[in-house]
Amino acid sequence: MPEQAYAGDVSAREAWDMLSSEENAVLVDCRTTAEWSFVGIADLDSVGKAPVMAEWQSFPSMAVDPAFADALRDKGVTPESAVIFMCRSGVRSKAAAVEMTGHGYGRCYNLAGGFEGPLDESGHRGAVDGWKSADLPWRQS
């Protein structure tokens, strides 16, 4: 499989710009239910959207959901959509973007910094890269 088997990586700001300006742009949060509940989720209310919540891998086994593509279709994500996949730091979301490109979705992007980004020098996430560090809207349950 080619290294770039998806539309490419985008920063959190680039993702926000796409979600704000493109009617068919969708944010798919492919983290786990626990991450959504305890860490928080992107808040897209101000652009009239909501993230699509679909686990790529489920805790604790972290096995890839074999019905992931079906779940996205069931939630209204179409091959014509610009689909931005987001996980914690950009690893799982890249795998999901590659997978959905293989299902005929032509505009699958990986939010490279994810929701929290990589660890900083103190071992904390959220300050270096990603949705939270870009100061984009988010909320906790």
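Student: Is Cys108 buried or exposed?
Tutor: Cys108 is buried, at 0% relative accessible area. Buried means under 20% relative accessible area, exposed over 50%, and partly exposed in between, with a 1.4 Å probe and protein chains only. This is a predicted model, where local features need pLDDT of at least 70, side-chain atom pairs count only at pLDDT 80 or more, and totals for chains, interfaces and linings use all residues. Residues are numbered from 1 along each chain as its sequence is written, and side-chain values use heavy atoms, with hydrogens and water left out.

Student: What does Phe85 touch?
Tutor: Its contacts (heavy atoms within 4.5 Å) include Val28, Phe68, Leu72, Met100 and Cys108, not counting residues up to four places away in sequence.

Student: Changing topic, where is Pro118?
Tutor: Pro118 sits in the loop between strand E8 (107–111) and strand E9 (138–139). Strands are DSSP runs of at least two residues, numbered from the N terminus.

Student: Why does Pro118 count as partly exposed?
Tutor: Because its relative accessibility is 36%.

Student: And which residues is Pro118 in contact with?
Tutor: Leaving aside neighbours within four places in sequence, Pro118 contacts His124, Arg125, Gly126, Val128 and Asp129.

Technical notes: Helices (H or I, at least four residues) and strands (E, at least two) are DSSP runs, numbered from the N terminus.
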